[in-house]
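Dear colleague,

I am handing over a structure that you have not worked with before.

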Amino acid sequence: MSEFQIKKKIQEYEEEYVEDLKRLVRIRSVRDSAAVCPGTPFGKGIREAFDCFLEIGERFGFPAADFDGYACHLLYGEQEEYVGVLGHLDVVDIRYPGQWKTPPFELHRTREGMLYGRGVSDDKGPLLAALYALRILKDLRIPLKRSIRVIAGGAEETTWECMEHYFSRNPQPVMGFSPDGNFPVVNAEKGILKFDLYFPKGPKDGSGTCRLTELRCRTLRNYVCACLEAEYEVHGAHRTMTFTGREALSRNPQKGENALWKFAAYFSEYSMIRPETDRLIRFLKDCLTDDFWGRKSGLYAWDEQMGCTSVCPTGVCMTSDGIHLYVDIRYPRSTDSEHIRKWARKWSEIYGFTWQVEEEKRLLYVPEGSELVTGLKDAFEKVTKEKASVLTKGGASYARVLHQGVAFGAAFEHEVTNPHMPNECMSLGSLCRAMEIYCRALWNLTVEK
C-alpha cells in the first residue's frame, strides 16, 4: 500500500467526506431522556445519527449491525479476531448559543478550510475519518489477518452504558483505538472519581453574623466553576455577590480560574450563622483553594508517565436540607481509587459532610512497547515524518472499555478544537491527515506482513 495510493483516494473522497460530515453535524444528537422508546434508549437525535452513520457505511459496502440503539458497528473482514475503532455519535448540548459565530448544528467551512459545528472534532469528524480510512483499505483490496469493526456508541457524553451493552453481546477486540483524543498516541488516561460532598443542614443556628440564603452556579459538573451568585444577609441586610472566574474543562483545572475559590475567600472573612455553610467554606478554603493538584488536602500523587493528580471543585447547590459540593478528581497510577475514598472519609469526619461517588472510570495504561502502541506510532511517523511520543490525558475516551486500547487522534499538537465549548472546530486538512494516519494504522494492525 503506497503513500501515493492513499493520498489519491483521500483526495478523491474529500468532498464526499465533507458532505457526509455535514449530514451528521446537522443531527442534534444530544441525549433526550424524554424521548426514550424501544430501539431508541437515548432519544430521537442519537437514533437519527446512528441511522445516518450506518447508511453511510452500507453505501461503502460494509455489513452493519445495530444493538438496540445503544451502539452500532460496521464490519470489514470475516476473521474472528478483530481490531476495534471506537467512537461516539452523541454530542454535548449548546450551553451558550450566543457565543457561537456560526449555527452549531450546521457545518460551516471557511475559505481556509476550517470546519465549525458541534461534533466536528468530538467525535463525528474523527469517527467518520476512520470509517473513510476503512473504505480506502477495502478499495485497495488489502488482505487481512484480522477483521476490523468501526463501533459507534450513543452515550459517551453521559453514562457510557452503550459500551457495556455492546460488549455484553460482542467479544472484545484483540486491540483497538478511539479517534477521540490527540496525536501521537494517548496510551494513558487518568482514573476519574467525581464526588458529591453533602453538607447537611445543622440542628441549630450559630452565633455568627452572616447567613447564606441562596447559591446559584452557572454549571455544577464537568467544568471549572466560572460563575457563582450568592445571596446572603449580614445583620439583617440582604446582599448579592457574584464571583466570576474563567471556564475550562474540569480535567484541566489549571486552564481555568475557579470562582469557588473566590467565594470561599470572601465568606471566610465572615462568621456564619448556619453551621453547614461554615463547614463548606472552611473545607473549600482549607483544602481546595489555590491548589490544582491536591497538595493541601493530601491527595497529591505523581507518576513519571502519567503526571500528577488534579482536583477541581466544579459547583455548589443549596437545597432546603443542606449544600452539595461537586468535586472532580483525576489520578495517575501511583495512587488508586481506594486511597481517594479514604481521603473523602477523613475530611468528611473533620468537616461534617457525607459523600458519594457520582461517576468513576478506571485509569487506562498500555505499555509503550506493546504491538498496539508501536503500530500506531509507526503509522503517525510515516505520515507526518515526525517522531511519535506517548501522552497522558485527564479526559476519558472509549479506549478505557477495551482490554487493550488507546486514544489515537484526531487532534494534532497545538490545535485548538474547542470540544464541548462554543465554536467547536477542526481543519479539513487535519481530518484528511488523520484519515491517512488511520489507513496506515489499520494496515499495521490487521494486514498479514
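This is a predicted model: local features need pLDDT of at least 70, side-chain atom pairs count only at pLDDT 80 or more; totals for chains, interfaces and linings use all residues.

Residues are numbered from 1 along each chain as its sequence is written, and side-chain values use heavy atoms, with hydrogens and water left out.

Helices (H or I, at least four residues) and strands (E, at least two) are DSSP runs, numbered from the N terminus. Helix H7 has 15 residues, 337-351, and its end C-alpha atoms are 21 Å apart, which agrees with the span of 21 Å that it should have at 1.5 Å a residue (the expected span being 1.5 Å times one less than the number of residues). Aspartate 336 caps the N-terminal end of H7, with a side-chain oxygen 3.2 Å from the backbone nitrogen of glutamate 338, and H7 is followed by glycine 352, whose phi is positive, near 70°.

A nonpolar core is a set of buried Ala, Val, Leu, Ile, Met, Phe, Trp, Tyr and Cys residues joined through side-chain atoms within 4.5 Å. In the largest one, of 86 residues, Tyr17 and Phe53 touch the most other members, and helix H9 (residues 428-446) gives the largest share, 11 residues. A second, separate core of 40 residues includes Phe199 and Phe243.

With a disulfide taken as a pair of cysteine sulfur atoms within 2.5 Å, the count is 0. For cysteine 37, the nearest cysteine sulfur, that of cysteine 72, is 16 Å away, whereas for cysteine 227 the nearest, that of cysteine 225, is 7.4 Å away.

Most residues other than glycine have a negative phi, and most peptide bonds are trans. The bond from phenylalanine 183 to proline 184 is cis, with omega near 5°, and that from glycine 409 to alanine 410 is cis, with omega near 15°. Histidine 414 has a positive phi of about 75° and, at 74% relative accessibility, counts as exposed.

With best wishes

Conventions
A polar contact is a pair of N or O atoms within 3.5 Å; within protein, one must be able to donate a hydrogen and the other to accept it, and residues adjacent in sequence count only if both atoms are side-chain atoms. Buried means under 20% relative accessible area, exposed over 50%, partly exposed in between (1.4 Å probe, protein chains only).
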